[in-house]
Amino acid sequence: MVDRRANRRPVGESVTSFDLPPPNKTKATISPEVNIDSTIQQPPPVSTEKAADIDKYADATPIPFFALFRHGTTQDKLIIFIGIIVQAFVGLSFSGMNLVFGEVLDDLSSPAESILTSTISTIKIMAILAAVFGVAAFIGMSAIPYGAARITNRVRNAYVTAVLAQDMEFFDESKPGEIVAALAEYTMDFEEGLSIKLG
């Protein structure tokens, strides 16, 4: 057994130095061959598929926003407009639910015989509002894509009509499957812009 008391200093003796090893006197140097810019992490290169998606609309002529709806009927535009208004209403509903929840907290803090009797009326209001907002969210999330799909179908019809009106030379110069692929790809992007990104 080791006696630890033998290595203790007497009480009152001051410590003036420590038995530490001498400091390391090496200097940090950077070799001139190292390129500091190469040590910085560069962003990953853009894949060829993403680059093709970026360049896909590079030569496209920009059009006004409302020109996107020129193939839609009044009913299509009304459906999308109703969807936008209902979506705005759903967005405002979150602040309304916070107000009702504040009322529930006030009811809980007020002295009453039981918690249920003091909060039942506010809970009923909250349940009714939740049902109304759920239906409104469903209508808003359904109306915008439905109206966009109707407009996109008319754009597809107009595209096919324009393609079929071309001369045979147009089809001879086109690659096999290029016209159909363009129809599918561009109309899907068009529908996404009118539905998901708009709503």
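Helices here are DSSP runs of H or I with at least four residues, numbered from the N terminus.

**Basis.** I note that the model is predicted: local features need pLDDT of at least 70, side-chain atom pairs count only at pLDDT 80 or more, and totals for chains, interfaces and linings use all residues. Residues are numbered from 1 along each chain as its sequence is written, and side-chain values use heavy atoms, with hydrogens and water left out.

**Buried face of α6.** I listed the buried residues of α6 (buried: under 20% relative accessible area, 1.4 Å probe, protein chains only). They are Ile-179, Ala-182, Leu-183, Thr-187, Phe-190 and Leu-194. Viewed down the axis of α6, these residues fall within an arc of 105°, so they line one face of the helix. The arc is taken from the directions from the helix axis to the C-beta atoms. The buried residues of α6 pack against α4 and α5 (168-173).

**Helix α4.** I repeated the length check on α4 (residues 115-164): its 50 residues should span 74 Å at 1.5 Å a residue, and its end C-alpha atoms are 72 Å apart, which agrees. I also recorded a bend of about 35° in α4 at Ser-121, the angle being between axes fitted to the seven residues ending there and the seven starting there.

Leaving aside neighbours within four places in sequence, Ala-148 is in contact with Ile-80, Glu-191, Leu-194 and Ser-195; contact means heavy atoms within 4.5 Å.

**Asp-76.** I located Asp-76 in helix α3 (residues 74-109) and found it buried, with a relative accessible area of 0%. A polar atom of its side chain lies 3.1 Å from the backbone nitrogen of Thr-73. Not counting residues up to four places away in sequence, Asp-76 touches Gly-147, Arg-150, Ile-151 and Arg-154.

**Ser-93.** I placed Ser-93 in helix α3 as well; it is buried, with a relative accessible area of 5%. The C-alpha atoms of Ser-93 and Phe-133 are separated by 6.8 Å, with the two residues 40 apart along the chain.

Methods: Helix = DSSP H or I, 4+ residues; strand = E, 2+ residues; numbered from the N terminus. Expected span 1.5 Å × (residues − 1). Buried < 20%, exposed > 50% of the residue type's maximum accessible area, 1.4 Å probe, protein only. Polar contact = N/O pair within 3.5 Å; in protein donor to acceptor, adjacent residues only side chain to side chain.
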